[in-house]
Amino acid sequence: MRRWPEFVQIKEVGPRDGLQNETKRVSTADKVNWINMLSDSGVSEIEYSSFVHPKWIPQLSDAHEVGKKIKRNPDVRYSALVPNMKGLKLALEAGIDGASVFMSASETHNKKNINKSISETYPVLGEVIKEAKQAGKHVTGYVSTVFDCPDEGIITPEQVIRVCDQLLAYGVDDLSLGDTIGSAVPSQVEELLEAVLARYPKEKIIMHYHDTRGMAIANIMTSMEHGITRFDSSVGGLGGCPYAPGAAGNVATNDVLYLLHGLGTKTGINEKKLQEAALFMQNKLGKALPSKSLAYVAAQR
Ligand code: HMG
Ligand code: MG
């Protein structure tokens, strides 16, 4: 029997989670070219921007224009982050295949990130999920701070499940569980996944690791040992959450591909094209991106 999955599905979140934490503004034209490169790499889903308040995330204030200008590849699902009905309306006008709603398992992070308590957030997201489903869109529910919160400390699996149950009851298609501050070690991943997978089918679960302490690859391995085959990652390892200070970017798609392809697991993504996309953004931002496998490739040139 194979120890590792035959196929792993990657959602590329660089244009949203990656750019949202970058202070240097990237032009709309560069974003569009970059997303087109990603669309051509074989990735099946791209979270291309965020329809949040522009004051909260200025870098992504051109979400509408980006959505209108990108070349749509019929094999790619184009999704965007949506916090409320206003965001959903704008996202539908710009063109999305999927809406990603988000909230936190931690009360404090939820408040800092979306200015509401957990219980105030439920009806807002309930309405967004209902409308998005009625419009025929795929809906992913992000749950942040599933292991630790910078303010509250350890978050228990019960706290995570409480939020997951509610989002699933509202009708999300799947759940993306976020190690927002990149603090988890594999034993925490095991504890959470044992609780989560006793309750929901593994196909519904996506793991979303930030790589603040370099643990993300180890956590992906542990997740795969538990049967998880869906991960979010960011080209070059760009990113972070502006409302979780110090948190690094997502695990780099380039490093995840190096791992998976080395294990003989298919992803459908062309590693070389993904590297080109990472080098493109590295050049635009004028700084080295965190991905180690990208640094190796860049050094060969
Ligand atoms: P608020 O100030 O409480 O909003 O912000 P409000 O409903 O009170 O409205 C205030 C004003 O904002 C109104 O305008 C609204 O129209 C406007 P006014 O009448 O005063 O002129 N407004 C909007 N404008 C544009 N787009 C909208 C929108 N909504 C209201 N969608 C809000 C609440 C949720 C909007 C705000 O807190 C916000 O935008 N937060 C987003 C924060 C964010 O993007 N964080 C990063 C993403 S989450 C993340 O990275 C974690 C994740 O990756 C998973 C993980 O790693 O764990 C997903
Ligand atoms: Mg994130």
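The largest pocket of this predicted model has a volume of about 780 Å³. Val52, His53, Pro83, Phe102 and Ile114 are the closest to its centre among the 41 residues that line this pocket. Here a pocket is, on a 1 Å grid over the protein atoms alone, an open set of points with protein on both sides within 12 Å along at least five of seven lines, and lining residues have an atom within 4 Å of a point. Volumes are the space filled by probe spheres set on the points, which are joined across faces, edges and corners. The lining comprises 19 nonpolar, 17 polar and 5 charged residues (Ala, Val, Leu, Ile, Met, Phe, Trp, Tyr, Cys and Pro count as nonpolar, Asp, Glu, Lys and Arg as charged, and the others, Gly among them, as polar). Elements that each supply at least two lining residues include helix H3 (63-69), helix H6 (118-134) and strand E8 (174-179); helices (H or I, at least four residues) and strands (E, at least two) are DSSP runs, numbered from the N terminus.

Residues are numbered from 1 along each chain as its sequence is written, and chains are lettered from A and ligands numbered from 1 in the order in which they are written. Local features need pLDDT of at least 70, side-chain atom pairs count only at pLDDT 80 or more, and totals for chains, interfaces and linings use all residues, while side-chain values use heavy atoms, with hydrogens and water left out.

What, then, takes up the space of the largest pocket? Ligand 1 does (more than half of its atoms lie within 2 Å of the grid points). Around ligand 1 there are 26 residues, of which Gln20, Asn84, Asn115, Ser144 and Thr180 come nearest (a heavy atom within 4 Å makes a residue near). This shell divides into 12 nonpolar, 11 polar and 3 charged residues.

Definitions and conventions
On a 1 Å grid over the protein atoms alone, a cavity is a set of points where a 1.4 Å probe fits but cannot get out, and a pocket is an open set with protein on both sides within 12 Å along at least five of seven lines; lining residues have an atom within 4 Å of a point.
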